[in-house]
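Visitor: I'd like to learn how to read a protein model. Can we go through one together?
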Amino acid sequence: MLILSAMLLFLVACGAPLKKMAEIDTYSFGDDHIPSIRRIVGTRQVTGFETKVDGNGDMSQMYQYRSSTISDDLDQYGNYLVGQLNYVVTIGGDLQEESGSIQFATESVDEGKIILFDIEWSAGQYKFTLLKTIGTLTRY
């Protein structure tokens, strides 16, 4: 019984941070702030989150979401990134496809850095991976 209670407490404790992640309004990298999917399409269930810094000092964040309206969510959010925040599509993808990937990019507020925003989706879920790294962005 004690083991079962400890396992239940662990599962509840692990789920709490993901619920909190579903409520964030901004993905942040120091002085860079990107409005979250929640601000554009509403709250979605977060099923995974990870943040890391590699040996070069590049910071990445991964958010995994579950949704029954993937195409609509991603279409609205992609249009927002490009139309309102001036992101560019660096690796194309069709947001209306059942599964796929696309990459957006923009300049960081930190000189000489960019933010890459990868989106992958399939079967009721999508994953955002944001990476702040050294680079430049050429706009045509």
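Visitor: How many helices and strands are there in the protein chain?

Guide: Helices (H or I, at least four residues) and strands (E, at least two) are DSSP runs, numbered from the N terminus. Here the protein chain has 3 helices and 8 strands, in the pattern α-β-β-α-β-β-α-β-β-β-β along the sequence. Residues are numbered from 1 along each chain as its sequence is written. This is a predicted model, where local features need pLDDT of at least 70, side-chain atom pairs count only at pLDDT 80 or more, and totals for chains, interfaces and linings use all residues.

Visitor: What is the average pLDDT of the protein chain?

Guide: pLDDT is the predictor's confidence in each residue, from 0 to 100. The protein chain averages 85, and 86% of its residues score at least 70.

Visitor: Which order do the strands of the open sheet have?

Guide: Strands of a sheet pair through backbone hydrogen bonds, either parallel or antiparallel. Two strands count as paired if DSSP finds at least two bridges between them. In this open sheet of 6 strands the order is 3-4-8-7-6-5, with antiparallel pairing. Strand 3 (45-53) and strand 5 (88-91) are at the edges with a single partner strand each, so one side of each lacks a neighbour in the sheet.

Visitor: How many bridges join strand 3 and strand 4?

Guide: Strand 3 pairs with strand 4 (residues 59-66) over 8 bridges, in the antiparallel sense. For example, Val-53 has Met-59 in strand 4 as its bridge partner.

Terms used: Heavy atoms only, no water.
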